[in-house]
Structures are given as C-alpha cells and as structure tokens.
Amino acid sequence: MPPLSFAHRLPTLLLGVLLLTAGSAAAASLEATDARLRLLPGDLPGAGYFTLNNTGDTPVTLTGAASEAFDKVMLHQSIEEDGMANMHAVDAVEVAPESTFTFAPKGHHLMLMQRSADLSVGDSVTVELEFQQRDPLKVTFDVVSPAER
Ligand SMILES: [Cu+2]
C-alpha cells in the first residue's frame, strides 16, 4: 500500500526539512569578509587577515583554522615588546553577539605554515575557520603580495 507507507515517512521528511532550515539560518549569522592572504617568498609563512561578523545573538569562539594549501595554520597575535615586534600563538578568539572582530596587520592574524600547494599572487585559497559552537566556516582568501595591507 504505497499511500500508507508514504504517510508514515512524512513526519521524518518534515523533520529533515526543519533541521536543514535551522542549519542554514545559523550559518547566515556568521560571515567573514575582506579575507586575504599575504604571501611571502619561499618557505616563509603567509599571514591571513579577515573580519568576522557575528550577527547572531550568541557568542562564537574561533578555535583554529585549516587549509589544504598549508600543513599548519595557527592563530597568532602580533605584539610589541621592548620596542621589538613579536608574535605569539592564541588559543581562541571570542566574537561577542552582534559584533565584529578584525584580523589585521600588527594585530591578530592567521599564520599559514608549510605550504603544500603552489600559490601566487592573484590565486585564491580556501581556509576553514573552526569554531567551538558551530560547524567550520569555509572562507575564500585572495592571495595578495606582502606589500598590500
Ligand atoms: Cu604570526
């Protein structure tokens, strides 16, 4: 009896649709803009900059990043110590509800190390930003020259 079996499956189908809708609504509350990767020559690490916009009503915590073009990606923060520019690793960055956080030169950045793919200025690279509260966010970074901000 096909009609009856379809009726049985209907609640499951509806639930699936509802879950999909909730998932995409959550994804839309977080976006990364102005994403660029400053490429240095040779084996030197690249630096990734972007702005995270959290338009949701709960905080999101960035806990890491990964890219197929680099074996290792870390969260870093540049600091000045005794007049010397230095940097250190950061475990996590929290973005409060309805606010933005900017990764920029002389501040927070992604340190992209051990390049595993050929890259040149003008290319784009996909980086997955990883969060404590939600699925990773895939972001396309423009590869730019180190002379660019
Ligand atoms: Cu760094």
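Buried means under 20% relative accessible area, exposed over 50%, and partly exposed in between, with a 1.4 Å probe and protein chains only. The model is predicted, so local features need pLDDT of at least 70 and side-chain atom pairs pLDDT 80 or more, while totals for chains, interfaces and linings use all residues. Residues are numbered from 1 along each chain as its sequence is written, and side-chain values use heavy atoms, without hydrogens and water.

**View 1. His88 in strand E5.** His88 is found in strand E5. Its relative accessible area is 34%, so His88 is partly exposed. Met74 lies 14 residues away along the chain, and the C-alpha atoms of His88 and Met74 are separated by 9.8 Å.

**View 2. The whole chain.** Helices (H or I, at least four residues) and strands (E, at least two) are DSSP runs, numbered from the N terminus. Along the sequence the pattern reads α-β-β-β-β-β-β-β-β-β-β. Of the 149 residues in the chain, 34% are buried.

**View 3. The copper site.** Four protein donors lie 2.1 Å from the copper ion: His76 (ND1), Met87 (SD), His109 (NE2) and Met111 (SD). Donors are N, O and S atoms within 2.8 Å of the metal (3.2 Å for Na, K and Ca); water is not among the atoms, so sites may look incomplete. Angles among the four donor atoms run from 99 to 118 degrees, and the site is tetrahedral. Four donors count as tetrahedral if all angles lie between 85 and 135 degrees. The ideal angle for four tetrahedral donors is 109.5 degrees. The donor residues follow the spacing H-x10-M-x21-H-x1-M in sequence. His109 is buried at 4% relative accessibility. Met111 is buried too, at 6%.

**View 4. The largest pocket.** The largest pocket holds about 420 Å³ of space. Lining it are 18 residues, and the closest to its centre are Arg38, Tyr49, Ser78, Lys106 and His109. Strands E2 (46-54), E4 (70-81), E5 (84-89) and E8 (108-115) each give two or more residues to the lining. A pocket is an open set of points on a 1 Å grid over the protein atoms alone, where a 1.4 Å probe fits, with protein on both sides within 12 Å along at least five of seven lines; lining residues have an atom within 4 Å of a point. Volume is the space filled by probe spheres set on the points, which are joined across faces, edges and corners. By class, the lining has ten nonpolar, four polar and four charged residues. Asp, Glu, Lys and Arg count as charged; Ala, Val, Leu, Ile, Met, Phe, Trp, Tyr, Cys and Pro as nonpolar; the others, Gly among them, as polar.

**View 5. Two salt bridges.** The whole structure has two salt bridges. Each is a side-chain nitrogen of Lys or Arg within 4 Å of a carboxyl oxygen of Asp or Glu. Asp34 pairs with Arg36 at 3.5 Å, N to O. Asp34 is exposed at 53%, whereas Arg36 is buried at 14%. Glu128 pairs with Lys138 at 3.9 Å, N to O. Glu128 lies in strand E9 (residues 124-131) and Lys138 in strand E10 (residues 137-144), so this pair ties together parts ten residues apart in sequence.

View 6. Most residues other than glycine have a negative phi. Lys106 has a phi near 70 degrees. Lys106 sits in the loop between strand E7 (99-103) and E8, and is exposed at 76%. Gln114, in strand E8, has a phi of about 55 degrees.

Key
Tetrahedral: all angles 85-135°; square planar, octahedral: opposite > 155°, others 65-115°.
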